[in-house]
Amino acid sequence: RMKRQTGNNVLPKSYVMSIFKHFAKTKVASDVYPVINEILEKYFNRLADDLEAYATHAKRKTIEVEDFELLMRRQGFVTDRTPVNVLIEKYLPLEYRKLLIPVATSGNKVIPTQRR
Amino acid sequence: MDDSEAQKQRLKAAVHFSVASLCENIAADSEKQFTKQTIAAIAETAFRQCDIFAKDLEAFARHAKRHTVTMDDVKLTARRSTALYNYMQQKSEELASNNQELKDKRKKNAAKRKSKEMEPDENEVED
């Protein structure tokens, strides 16, 4: 929070720009970074706000995975046709996938226990 | 399949009718006319918005481990727009106070009924 108040970056510039360029698929001028940074800051603030509301709605003080799932559902990323696991497989690297999808690490168990 | 389609058309017609009467009120107030196409477009938008609302409300209720959608869920859908949220807050308080009054009345009635029940040959309807 202190960092943000002094006008620093939400995420490292090189990281943000590499992701942005990957999805933009065209040349991206470097002076768009301040704009993206501002948008990201707003996005994260809003995200935190929403997650807090959802957690209190479920009478919890801790934000859990289901809160985030609900948020992504409301944002339209998760639908009945694209469940969370599909998104995880599509966008996250292998080590995070292993962490989030129990089937990937459960060995021969048919019904793995959910990591929640 | 055909039946559900017919049901959907009926629902849409009902929405269209309500939207048309609301638009008529607005037109009378602001002295501007709505074209038929505009009303149809608003009706269609309202219909689809209901779809989104229903899904959100269901997700919110399930999130709070309930099977019934409550006022809390409805308020949560309007959280993003402050004006709407305040309006709904006010309305929900009105509703709550009305319900409280009704409950009090019912309690009084129940108390009366109980005193009546003491007397024999008294048939009354349970609610």
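**Close-up 1. The largest pocket in this predicted model has a volume of about 1,600 Å³.** Its lining is made up of 32 residues, and if you look for the ones closest to the pocket centre, you will find A:Tyr43, A:Phe68, A:Met72, A:Tyr91 and A:Leu92.

**Close-up 2. Five helices of chain A each supply at least two residues of the lining of the largest pocket.** They are helix H2 (13-24), helix H3 (33-57), helix H4 (65-75), helix H5 (84-91) and helix H6 (94-100).

**Close-up 3. Sorted by class, the lining of the largest pocket has 25 nonpolar residues.** Another three lining residues are polar, and four are charged.

**Close-up 4. The second largest pocket holds about 390 Å³ of space.** Here 15 residues form the lining, and those closest to the centre come from chains A and B: A:Arg73, A:Thr79 and A:Asp80, along with B:Lys55 and B:Asp56.

**Close-up 5. H4 of chain A and helix H2 (36-63) of chain B are the elements that give two or more residues to the lining of the second largest pocket.** The largest share belongs to H2(B), with nine residues.

**Close-up 6. Nine charged residues are found in the lining of the second largest pocket.** Alongside them, this lining has five nonpolar residues and one polar residue. For a handy side-by-side, recall that the lining of the largest pocket divides into 25 nonpolar, three polar and four charged residues.

Note on methods
Residues numbered from 1 in each chain as written. Chains lettered and ligands numbered in written order. Predicted model: local features only at pLDDT ≥ 70, side-chain atom pairs only at ≥ 80, totals over all residues. Heavy atoms only, no water. 1 Å grid on protein atoms, 1.4 Å probe; cavity = no way out; pocket = protein on both sides within 12 Å on 5 of 7 lines; lining within 4 Å. Points joined across faces, edges and corners; volume = space filled by probe spheres on them. Helix = DSSP H or I, 4+ residues; strand = E, 2+ residues; numbered from the N terminus. Nonpolar A, V, L, I, M, F, W, Y, C, P; charged D, E, K, R; others polar.
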